[in-house]
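Subject: Structure handover

Hello,

Here is the structure for you to look through. Please open it first, then read the notes below.

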Amino acid sequence: DVLDKKLCDRDECEIGRVDGIVIEYPDGGQPRMVRIEIGGEILAARVGRWLVPPVRWLRLSIGPKREASVPIEWKHVARMGADLHLDLPESRTDALAWEHWLAEHVIGKIPFAGSEI
């Protein structure tokens with residue numbers, strides 16, 4: 001019930017959706033959620049393995065240079081309902097790296113983009 005939930009940082013800003021989860025299965029113990037992951041390659045793998053190589057190529061060729069996924073430790077999930085609310089600000093993650101990169105390298109180059117007329 002966690003996959004695809006909207007993620008909000010501690011300031012209630014949407015920072016993406018849960019693309020993957022990592023669960024630990026200790027010997028003889030109960031499974032426990034370790035972290036959630038955000039990232040195009042994680043989502044691509046869920047859609048179809050054939051989609052991972054082109055998404056990886058995009059990640060490595062253009063845009064921000066970041067890891068394939070943005071891991072967020074489960075301990076940072078403050079509460080869960082229709083959305084997952086984190087106890088940390090967006091600035092402590094790379095969740096919006098693509099948005100920041102696009103704003104700086106694409107939108108920022110368009111005349112009058114982002115300015116009031």
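Is Glu37 buried or exposed? Glu37 counts as buried, because its relative accessibility is 13%. Buried means under 20% relative accessible area, exposed means over 50%, and partly exposed lies in between (1.4 Å probe, protein chains only).

Two notes on the source. This is a predicted model, where local features need pLDDT of at least 70, side-chain atom pairs count only at pLDDT 80 or more, and totals for chains, interfaces and linings use all residues. Residues are numbered from 1 along each chain as its sequence is written, and side-chain values use heavy atoms, with hydrogens and water left out.

Now the overall layout. The protein chain has three helices and seven strands. Their order from the N terminus is β-β-β-β-α-α-β-β-β-α. Helices (H or I, at least four residues) and strands (E, at least two) are DSSP runs, numbered from the N terminus. Along the principal axes, the C-alpha atoms fill a box of roughly 60 × 35 × 20 Å. The protein chain has 117 residues, and 32% of them are buried.

Glu37 sits in strand E4. Setting aside residues up to four places away in sequence, Glu37 touches Val18, Asp19, Gly20, Val22, Ile42, Ser69, Val70 and Pro71. Contact means heavy atoms within 4.5 Å.

Ser69 is one of those partners. Ser69 lies in the loop between helix H2 (52-61) and strand E5 (70-73). Ser69 is buried too, with a relative accessible area of 16%. Apart from neighbours within four places in sequence, Ser69 is in contact with Glu37, Ile38, Gly39 and Ile42.

Next, the core. The largest nonpolar core has 14 residues. Leu7, Ile36, Ile72, Leu84 and Leu86 touch the most other members. Strand E4 (32-38), E5 and strand E7 (83-86) each supply at least two residues of this core. A nonpolar core is a set of buried Ala, Val, Leu, Ile, Met, Phe, Trp, Tyr and Cys residues joined through side-chain atoms within 4.5 Å. In soluble globular proteins, nonpolar side chains tend to be buried together. Take Ile36: beyond four places in sequence, its contacts include Val2, Leu7, Val18, Ile72 and Leu84.

Why are there zero disulfides? A disulfide is a pair of cysteine sulfur atoms within 2.5 Å. The closest cysteine sulfur to that of Cys8 is in Cys13, 8.3 Å away, so it is too far for a bond. Cys8 is buried, at 4% relative accessible area. Cys13 is partly exposed, at 43% relative accessibility.

Last, two backbone points. Most residues other than glycine have a negative phi. Asp4 has a positive phi, near 70 degrees. Asp4 is in the segment before strand E1 (6-8), and is partly exposed at 38% relative accessible area. Glu12 has a positive phi as well, near 65 degrees. Glu12 lies in the loop between E1 and strand E2 (14-17), and is partly exposed at 43% relative accessibility.

Best wishes
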